[in-house]
Amino acid sequence: MFLALVGFLLALLVAQTTGQIFGLRRRNLKQREKLFSELGVEDASKKKIVGFFHPYCNAGGGGERVLWAAISATQGKEPDIISVVYSGDTDTTKEKIIDKVKARFDIVLSPKSLHFVFLESRHLVEDSTWPRFTLLGQSLGSMYLVWEAMSILIPDLFIDTMGYAFTFPVVSLLGNIPIGAYVHYPTISTTMVSRVKSRAAGHTNSATISSSNVLSTGKLLYYRIFMYYYAYSLRQARFIMVNSSWTKGHVDSILQYSDKFLDTIHLLPPLVLLEVLSRRRSECLKEAQIVYPSCDTRQMAALPLEGRERVILSIAQFRPEKDHQAQLRAFHALLEKYPEYRGSGPDAVQLVLVGGSRNVGDATRVENLRLLARELDIQEQVRFVVNASFPDMLGWLARASIGLGTMVDEHFGINIVEFMAAGAIVVAHASGGPLLDIVVPLDGEPTGYHATSSGTFAEAFRTVLTLSPEADIAMRTRARTWAVRKFSAEEFERGWDESGWRKWL
Ligand SMILES: *[C@@H]1O[C@H](CO)[C@@H](O)[C@H](O)[C@H]1NC(C)=O
Ligand SMILES: *[C@@H]1O[C@H](CO)[C@@H](O)[C@H](O)[C@H]1NC(C)=O
């Protein structure tokens, strides 16, 4: 890995020093002129190009929504900026992408200040290309891919919106331009490294060196080196935005990551070159900024807040980590402690589990959950709604009093945002996004509840079910106000602006 990286970087260095021969930057001037004339730009001297590196820009997922929202915000406020998207979607066209973005996200993009650079070597970042050492393979692949990108057009500011941090040193070398990023998820986290490390440390004193010990030492070294360069690459950025507190925690600790052993090695030639080429530690980025992506909550926010039924609603795919069992147990605890909620009378409470079942594993899980409900003798009041349509789901959101989330350490929890927007009072596990980002007080007043065990979940249900009518409606209103505002497109644009990307142009 060392050799591959060093070889690659040396090759880059040669490319840098023989820049004239390569003519990359000179050619770039011509490319810019060509682009400006294609777009019909009049006063080209005022124009700046912001490049967004997003090889899968046509995928239509959450990461793409962030990309298009950022470009749309830029187009709205900065007439002199041309947004360029580096994408590997060679099978489509600019017009088709713009149409799809409108249909999928309801985001309108102007073709006048938008351009696409289509890249041929995207297969290099696909997991299927790298069955082994996937992280390493994809990272080297991304370095090559961005080289292709820069040899077609060098922007004035480079923003990675897909998490390819290893592109930063390459961009820095080839383009000598400022770099920024929006990170959804760290490529490798310090917890991954420490997990392997603690296991290895536990074995260091054992008399026999088992083969698994060799393996785990090897793996640790791989992770350590990988992490070292990941941190090195991330520090090349001038600004980093992250999508949640969870991601911020990880990215911040990676920015601070150091490894004495590898640091020392980097004082020796030829690795010392890396230090020379990198930005000085003192001016390095210390912290990422949270800019929440927007969630489309319009339909939920239009539902009436009044007339809610005694329904506890869960909306989650029947995946193991969602922990539906905990939902049944919490509901059971509620009925045990407060028998007045049993039966089918006016006080009776219902638990409704809405969720997709994608495969045999999920279907088996649903069957087991039904069995568990029977075992706990709550089956009369538990309802499973598998593969509900969107209108059916909205129907349940309109009726529910309580929105339930039991997943532990959920990174975000879009279903929780949707509950709040819909006016269901959330009871969620006290961890991850629901604790740190979503169900947080508004003006010092709660917007929902957290719990950790069957007992505390049951008590939280009880609290919601016994709120006075005024307190009940106030809580629903507060939750909706908060969720719609915090995760709105306007709030995203404000955060994007405040990240200060403009000053690097
Ligand atoms: C951040 O990105 C990760 C990875 O795509 C995703 O799991 C998480 O839900 C995202 N968070 C937000 C706030 O959208
Ligand atoms: C739910 O949808 C999946 C795939 O869309 C399908 O395989 C499964 O059979 C469906 N399950 C039910 C109960 O409708």
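Me: Rings of Phe, Tyr and Trp (its six-membered ring) pair if their centres lie within 6.5 Å; planes under 30 degrees apart are stacked, over 60 edge-to-face, the rest tilted. How many aromatic pairs does a search of the whole structure find?

Reply: The search finds 20. This is a predicted model: local features need pLDDT of at least 70, side-chain atom pairs pLDDT 80 or more, while totals for chains, interfaces and linings use all residues. Residues are numbered from 1 along each chain, chains are lettered from A and ligands numbered from 1 as written, and side-chain values use heavy atoms, without hydrogens or water.

Me: How is the pair of tyrosine 185 and tryptophan 246 arranged?

Reply: The two rings are stacked, 5.4 Å centre to centre, with 25 degrees between the planes. The pair links distant parts of the chain, 61 residues apart. Tyrosine 185 sits in the loop between strand E5 (179-183) and helix H8 (190-203). Tryptophan 246 belongs to helix H10 (residues 245-255). Helices (H or I, at least four residues) and strands (E, at least two) are DSSP runs, numbered from the N terminus.

Me: At what angle do the axes of H6 and H7 cross?

Reply: Two packed helices are described by the angle and the distance between their axes. The axes of H6 (residues 134-152) and H7 (residues 167-175) come within 8 Å and cross at roughly 30 degrees. That makes H6 roughly parallel to H7 (under 35 degrees; over 145 is roughly antiparallel, 65 to 115 roughly perpendicular, the rest oblique).

Me: Which residues meet there?

Reply: Ser142, Met143, Val146, Trp147 and Met150 in H6 meet Thr167, Val170, Val171 and Leu174 in H7. They divide into 7 nonpolar, 2 polar and no charged (Ala, Val, Leu, Ile, Met, Phe, Trp, Tyr, Cys and Pro are nonpolar; Asp, Glu, Lys and Arg charged; the others polar). Contact means heavy atoms within 4.5 Å.

Note on methods: Axes fitted to C-alpha atoms, helices over the stretch in contact; angles between N-to-C directions.
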